[in-house]
Amino acid sequence: MKLVNKLGLLALAVIVVSSAPVRAAERIDRIIAVVGDSVILESELEAYTLLRLNNAGKQLESVSMDSLRNQFLEELINDKVFLVHAEKESTISVSSQEVEEALERQIETILLQNNLTLPMLEEELRKQTGMTLAELKEQYRKGLRKQLLQQKVHQKYVSSVSLTRNDVEEFYKEYKDSLPSAGKSVRLQKISIDAKPSDEVRQDAFERISKIRERLAGGAEFVELAKKFSDDPNAQQGGDLGFIAKGTLGELAFEEKAFSLNPGEISSVFETRLGFHVIKVEEKKNQMVHVRQILVRIEPSEKQVERILSTLDSVQMNAETEEQFADAVIKLSTDNQTKSRLGDMGWISTFQLSSSVYSAIDTLKKGQISAPVKNGSSYEVYRLADKTDSRKYTLEDDWDMLAEKARDIYAQKRLIELVKKWREEEFVNVRL
């Protein structure tokens with residue numbers, strides 16, 4: 001039994017039904033399966049089949065539809081069993097407010113991604129699908145409620161799956177021969193020097209942001225001060241960051257401050273790894289906040305950066321052997337994790353490297369050292385210890401990736417077991 005565990009699948013299928021070239025118009029649609037009090041229609045199976053084949057990159061002309069109908073129907077039945085069980089869960093419910101908030105976020109995302117207004121979206125819908133915005137919303141409501149129910153059941157039974165070290169090792173033992181190649185990989189050693197700003201630089205930045213906050217308290221316009229003083233890339237837009245949702249910025253302190261403010265309120269000065277901030281919340285909508293910011297970065301002085309770069313340039317020029325590079329790691333590196341291994345980062349697939357690091361090491365030969373690379377607040381050089389066009393994954397070098405794959409497999413198995421159990425408890429009648 002194959003269980004397709006994509007929570008948006010049925011919602012997408014609903015949309016496809018309205019536009020897919022199915023044959024429902026040529027004959028009366030019919031019920032092909034019953035799950036509890038729910039039904040699966042033939043048009044739903046055909047739309048789902050079209051969706052699955054499109055996702056797989058296959059053309060309808062090159063695939064026998066009949067050979068896949070039973071497989072896809074089983075997947076639909078399993079999804080329906082999952083949903084029927086979700087409806088029965090006494091500890092799980094989805095409110096109308098949750099659906100409406102999810103709907104507004106969906107519409108907002110469509111508008112932002114396509115740079116549209118609501119009237120423009122409605123016009124495009126009529127042109128491309130013949131649907132009104134109200135009809136689109138109604139179809140999304142049905143699909144979104146299903147998604148929210150499925151997500152909550154998934155979180156309750158599956159998301160909490162945790163693995164021991166032994167679980168990951170057992171997964172690797174079972175699947176290592178079937179895992180794909182890690183592809184082009186490099187073994188690197190690095191020296192990382194943190195360019196921590198001096199106390200004097202930090203104090204100067206704090207005084208600058210404090211004076212800006214005082215002017216705001218005196219009635220100065222936030223937009224104008226952002227344009228004049230902010231170090232933020234959006235300064236010329238008045239520090240406008242647009243709408244943000246929780247978890248999208250990767251800065252917990254910033255998000256906590258933003259979501260604690262009321263519309264029109266300006267924050268006190270606060271600090272993140274980027275520097276000192278003052279923010280203003282313009283609007284709150286659908287669990288998102290519209291934020292402007294003034295940022296004063298805390299950055300090392302030019303002389304400090306020059307000293308670090310000069311030191312790393314010297315390593316690049318003079319560390320001719322692995323032993324010499326290891327000695328430099330011990331003396332200079334501030335990255336304790338790699339320093340304990342004499343700079344060794346282990347094997348890394350090149351697709352995991354940032355663009356700046358990849359550019360720095362791409363043309364190196366074994367034993368050569370890169371030019372300095374800025375990485376966050378640190379400056380780094382990399383020594384290419386080895387490289388290969390292909391390698392197998394190992395527990396030593398790819399633990400995090402293998403642990404994630406193991407977690408996915410165990411969660412999928414758990415979900416399959418649950419659906420199998422729930423299916424035995426439901427009335428299922430196939431009429432295909």
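This is a predicted model: local features need pLDDT of at least 70, side-chain atom pairs count only at pLDDT 80 or more; totals for chains, interfaces and linings use all residues.
Reader: How many residues has α15, and what distance does it reach?

Author: Helix α15 covers residues 399–425, which is 27 residues. From first C-alpha to last, α15 reaches 39 Å. That is close to the 39 Å expected at 1.5 Å a residue.

Reader: Which residues of α15 are buried?

Author: Look for Leu402, Ala403, Ala406 and Ala411. Then follow Leu415, Leu418, Val419 and Trp422.

Reader: And which residues are buried in α6?

Author: Among them are Leu133, Leu136, Lys137, Tyr140 and Gly143. Further along α6, the buried residues include Leu144, Leu148, Val153 and His154.

Reader: Now a pair of helices. At what angle do α4 and α6 cross?

Author: To read a helix pair, take the axes, then the side chains. The axes of α4 (residues 96–114) and α6 (residues 133–157) cross at roughly 115°. They come within 9 Å. The crossing of α4 past α6 is right-handed.

Reader: Which residues make that contact?

Author: From α4, they include Val99, Ala102, Leu103, Gln106, Ile107 and Ile110. From α6, they include Leu136, Tyr140, Arg141, Leu144 and Leu148. By class, the contact holds nine nonpolar, one polar and seven charged residues.

Reader: On to sheets. How do strands of a sheet pair?

Author: Strands pair through backbone hydrogen bonds, either parallel or antiparallel. Here, an open sheet of four strands has the order β4-β7-β6-β5. Its pairing is antiparallel.

Reader: Why is one side of β4 and of β5 left without a neighbour?

Author: β4 (240–245) and β5 (270–272) stand at the edges of the sheet. Each has a single partner strand, so one side of each has no neighbour in the sheet.

Reader: What is the average twist?

Author: The twist averages 50° from one strand to the next.

Reader: What packs on this sheet?

Author: Helix α10 (residues 252–260) does. It touches β4, β5, β6 (275–285) and β7. The direction of α10 makes about 45° with that of β6.

Reader: How many bridges join β4 to β7?

Author: Five bridges join β4 to β7 (residues 288–297), and the two run antiparallel. For one of the pairs, find Gly242; its bridge partner in β7 is Val291.

Reader: What lies between β9 and β10?

Author: The hairpin of β9 and β10 has two residues between the strands. There Gly376 takes a positive phi near 65°.

Reader: Where do residues other than glycine have a positive phi?

Author: Asn115 has a positive phi of about 55°. It lies in the loop between α4 and α5 (118–128). Leu342 has phi near 55°. That residue lies in the loop between α13 (336–339) and β8 (344–349).

Reader: Is Glu255 buried or exposed?

Author: Buried means under 20%. Glu255 has 8% relative accessibility, so it counts as buried. It lies in helix α10. Beyond its neighbours within four places in sequence, Glu255 contacts Ala245, Lys246, Gly247, Thr248, Leu249 and Gly250.

Reader: What does Glu271 touch?

Author: Glu271 sits in strand β5. Not counting residues up to four places away in sequence, Glu271 touches Arg202, Ala253, Phe276 and Ile298. Its relative accessibility is 35%, so it counts as partly exposed. Glu271 and Phe254 are 17 residues apart in sequence. In space they are 8.2 Å apart, C-alpha to C-alpha.

Technical notes. Residues are numbered from 1 along each chain as its sequence is written. Side-chain values use heavy atoms; hydrogens and water are left out. Axes are lines fitted to C-alpha atoms, for helices over the stretch in contact, and angles run from 0 to 180 degrees between N-to-C directions. A crossing is left-handed if the near helix is turned anticlockwise from the far one by less than a right angle, and right-handed if clockwise. Contact means heavy atoms within 4.5 Å. Ala, Val, Leu, Ile, Met, Phe, Trp, Tyr, Cys and Pro count as nonpolar, Asp, Glu, Lys and Arg as charged, and the others, Gly among them, as polar. Buried means under 20% relative accessible area, exposed over 50%, partly exposed in between (1.4 Å probe, protein chains only). Two strands pair if DSSP finds at least two bridges between them. The expected span of a helix is 1.5 Å times one less than its number of residues.
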